[in-house]
Amino acid sequence: MPPNARILIVDDHEDTLYALESALAPLGHLLGRATSGDEALKQLLRGNVGLLLLDVHLPGISGLDVVRYMRRLEQSRHIPVVLLTGFARDRQLGAAAYALGVADLVTKPVDPWALRTKVRHLYDARRRHLALEREIRVLRARLDERTGAPGRPALPHPQARAGPGRPAGAHTGELERDRT
């Protein structure tokens, strides 16, 4: 996630967009807005979205349909989503949302402080996750350089069996190398 990844806020009511932007502005992240599911999908496909705050009931493509579509695409599959609903929370909506991997389902009107806290946590967690993935790729590349074989483990798996009467590591030739 680039450092300038936006929080995309999607709602079909201008006053709600303004209220959500006002609630999230103190976080200091770039904010984007969309007023329909179609517009949200276009912005997701353009990239640079770090978190999606999405109304469930939108004209045209619903919020749940936006999530279904974005979960099929590699570039948007892991973007955290907070769904917003103006209706009473029901079990079917909650089950459908959480089955799609939505981080949270929030009923409007939202508590600005609680929303900021959730968004800050999800955004930062996603950023840390991506940093760890980058670090793992770098470490694997270094390991591949040292071992000379990509994908080959440097050490045998801890549960690998050496066979009867042979110490662990004997099947890989480690013991013979260590004696020389």
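This is a predicted model: local features need pLDDT of at least 70, side-chain atom pairs count only at pLDDT 80 or more; totals for chains, interfaces and linings use all residues.

Me: Which residues does R71 touch, not counting residues up to four places away in sequence?

Reply: R71 touches S76, R77, H78, I79 and V81, and also L100, G101 and V102. As for G101, 30 residues separate it from R71 in sequence, while the two C-alpha atoms are 8.5 Å apart in space.

Me: S76 is in that list. How do you know whether S76 is buried or exposed?

Reply: The relative accessible area of S76 is 2%. The cut-off for buried is under 20%, so S76 is buried. You will find S76 in the loop between helix 3 (63–71) and strand 4 (81–85). Setting aside residues up to four places away in sequence, S76 touches M70 and R71.

Me: Which residues of helix 3 are buried, and why can one say that they line one face of the helix?

Reply: The buried residues in helix 3 are G63, L64, V66, V67, M70 and R71. Looking down the axis of helix 3, you see these buried residues fall within an arc of 155°, so they line one face of the helix.

Me: What covers the buried residues of helix 3?

Reply: The cover includes helix 2, strand 3 (49–55), strand 4 and helix 4 (91–99).

Me: Why are helix 2 and helix 3 called roughly parallel?

Reply: The axes of helix 2 (residues 37–46) and helix 3 cross at roughly 25° and come within 10 Å. Angles under 35 degrees count as roughly parallel, and therefore helix 2 and helix 3 are roughly parallel to each other. Their crossing is right-handed. On the helix 2 side the contact is made by G37, L41 and L44, and on the helix 3 side by V66, Y69 and M70. Sorted by kind, the residues of this contact are five nonpolar, one polar and no charged.

Me: And what makes helix 1 roughly perpendicular to helix 5?

Reply: Helix 1 (residues 14–24) and helix 5 (residues 112–147) pack at an angle of about 65°, and their axes are 9 Å apart. The range for roughly perpendicular is 65 to 115 degrees, so helix 1 is roughly perpendicular to helix 5. This crossing, too, is given a hand: the crossing of helix 1 and helix 5 is right-handed. Helix 1 brings L20, A23 and L24 to the contact, and helix 5 brings P112, L115, R116 and V119. The contact of helix 1 with helix 5 holds six nonpolar residues, no polar and one charged.

Me: Why does D104 count as buried?

Reply: D104 has a relative accessibility of 16%, and the limit for buried is under 20%, so D104 counts as buried. D104 lies in strand 5 (residues 104–107). Apart from neighbours within four places in sequence, D104 is in contact with V81, V82, L83, Y98 and K118. D104 and G94 are 10 residues apart in sequence, with a C-alpha to C-alpha distance of 9.0 Å.

Me: Why is N48 called partly exposed?

Reply: N48 has 30% relative accessibility. Buried means under 20% and exposed means over 50%, with partly exposed in between, so N48 counts as partly exposed. N48 is in the loop between helix 2 and strand 3. Phi of N48 is near 65°, which is a positive value in a residue other than glycine.

Me: What makes the peptide bond from K108 to P109 cis?

Reply: Look at omega: for the bond from K108 to P109, omega is near 0°, and the bond is cis. P109 is placed in the loop between strand 5 and helix 5.

Me: And what is the overall pattern of the protein chain, read along the sequence?

Reply: The pattern is β-α-β-α-β-α-β-α-β-α-α, with six helices and five strands in the protein chain. Of its 180 residues, 38% are buried.

Note on methods: Residues are numbered from 1 along each chain as its sequence is written. Side-chain values use heavy atoms; hydrogens and water are left out. Helices (H or I, at least four residues) and strands (E, at least two) are DSSP runs, numbered from the N terminus. Buried means under 20% relative accessible area, exposed over 50%, partly exposed in between (1.4 Å probe, protein chains only). Contact means heavy atoms within 4.5 Å. Axes are lines fitted to C-alpha atoms, for helices over the stretch in contact, and angles run from 0 to 180 degrees between N-to-C directions. Angles under 35 degrees count as roughly parallel, over 145 as roughly antiparallel, 65 to 115 as roughly perpendicular and the rest as oblique. A crossing is left-handed if the near helix is turned anticlockwise from the far one by less than a right angle, and right-handed if clockwise. Ala, Val, Leu, Ile, Met, Phe, Trp, Tyr, Cys and Pro count as nonpolar, Asp, Glu, Lys and Arg as charged, and the others, Gly among them, as polar. The arc is that of the directions from the helix axis to the C-beta atoms.
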